Amino acid sequence: MTPASTLRGDLAEAAHALSRLGLVTAYGHVSARCGASMLITPAADLAVVTESSVVAVPLDTPSLPAGAPAEAWAHIALYQARPDAGSIARAQPASAFAAAATTEALTPLYGQAAWLGASVPVHDSAHLLRSADLAGRAAKSLPAGEALLLRGNGALTLGGTPGIAVARMWLLSAACDACLATQASRHIAPLTAEEIASWRDAADELLPRLWRHLQRHGGSRP
């Protein structure tokens, strides 16, 4: 298990990247599983998050500790529902708002979008996930895959590490752009199940390279 001190640094770096990439404004958070607890960035602008400001939250907590974002419940619910999730990013890409309002699920149109899942479901509720009940309902919308669009409320992405969760949020923003750009087309050719599987087989090799690129360049996606 990664030491908590290392995870705190990874979370601060991931938070700064989400801000630099323009995937969040004043709202958003990143978390990482840490044994029976999670570490999560505070209710603050991610651009100014520090290692020391990261908040520890038990996964079986009956109430959120001071400093934790109110939607920390969404992270808790996903960690409980998805033992494979090591980290979660919460953000509001502008294209995610439009895509979630116009589709029930996002099908991969190109290879890298397959790293989000065989499809990206849309949780059909715009309520803030500020209770265990509402968060639990959202978590049920993501039984598999690594990305969830929230109608009227941004998105969540999963990863083994904070960096991979951020890389997937960047990919989700691009996938939403592609979906919106093709909606008026008479002919759309989504990836086949076999093509999706072949790209997903390469995810563990290629996603860390994307995260390293985003770390180095850190500008908005063109």
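**Pockets, a cavity and the core**

Reply: Sorted by type, the lining of the largest pocket has 8 nonpolar, 4 polar and 4 charged residues; here Ala, Val, Leu, Ile, Met, Phe, Trp, Tyr, Cys and Pro count as nonpolar, Asp, Glu, Lys and Arg as charged, and the others, Gly among them, as polar. Keep in mind that this is a predicted model, where local features need pLDDT of at least 70, side-chain atom pairs count only at pLDDT 80 or more, and totals for chains, interfaces and linings use all residues. Residues are numbered from 1 along each chain as its sequence is written, and side-chain values use heavy atoms, with hydrogens and water left out.

Me: Which residues lie nearest the centre of the largest pocket?

Reply: A pocket is an open set of points on a 1 Å grid over the protein atoms alone, with protein on both sides within 12 Å along at least five of seven lines, and lining residues have an atom within 4 Å of a point. This one has a volume of about 290 Å³, meaning the space filled by probe spheres set on the points, which are joined across faces, edges and corners. Of its 16 lining residues, those nearest the centre are Tyr-27, Gly-28, His-29, Glu-71 and Arg-130.

Me: Which helix gives the most to the lining of the second largest pocket?

Reply: That pocket holds about 200 Å³ of space, and its lining divides into 6 nonpolar, 1 polar and 5 charged residues. The top contributor, with 4 residues, is H7.

Me: How much space lies in the largest cavity?

Reply: A cavity is a set of grid points where a 1.4 Å probe fits but cannot get out. Searching the whole structure for cavities of 30 Å³ or more turns up 1. Its lining has 10 nonpolar residues, 2 polar and no charged, with helix H5 (residues 162-182) giving the largest share, 3 residues. The space inside comes to about 70 Å³.

Me: Is Thr-157 buried or exposed?

Reply: Thr-157 sits in strand E8 (residues 154-159). Its contacts (heavy atoms within 4.5 Å), leaving aside neighbours within four places in sequence, include Ala-165, Met-169 and Leu-172. The Thr-157 side chain also reaches the backbone oxygen of Ala-165 at 2.8 Å. Relative accessibility is 0%, so Thr-157 counts as buried (under 20% relative accessible area, with exposed over 50% and partly exposed in between; 1.4 Å probe, protein chains only).

Me: What relative accessible area does Ser-119 have?

Reply: Ser-119 lies in the loop between strand E5 (105-106) and strand E6 (120-123). Not counting residues up to four places away in sequence, Ser-119 touches Leu-106 and Pro-108. Ser-119 is partly exposed, with a relative accessible area of 32%.

Key
Helices (H or I, at least four residues) and strands (E, at least two) are DSSP runs, numbered from the N terminus. A polar contact is a pair of N or O atoms within 3.5 Å; within protein, one must be able to donate a hydrogen and the other to accept it, and residues adjacent in sequence count only if both atoms are side-chain atoms.
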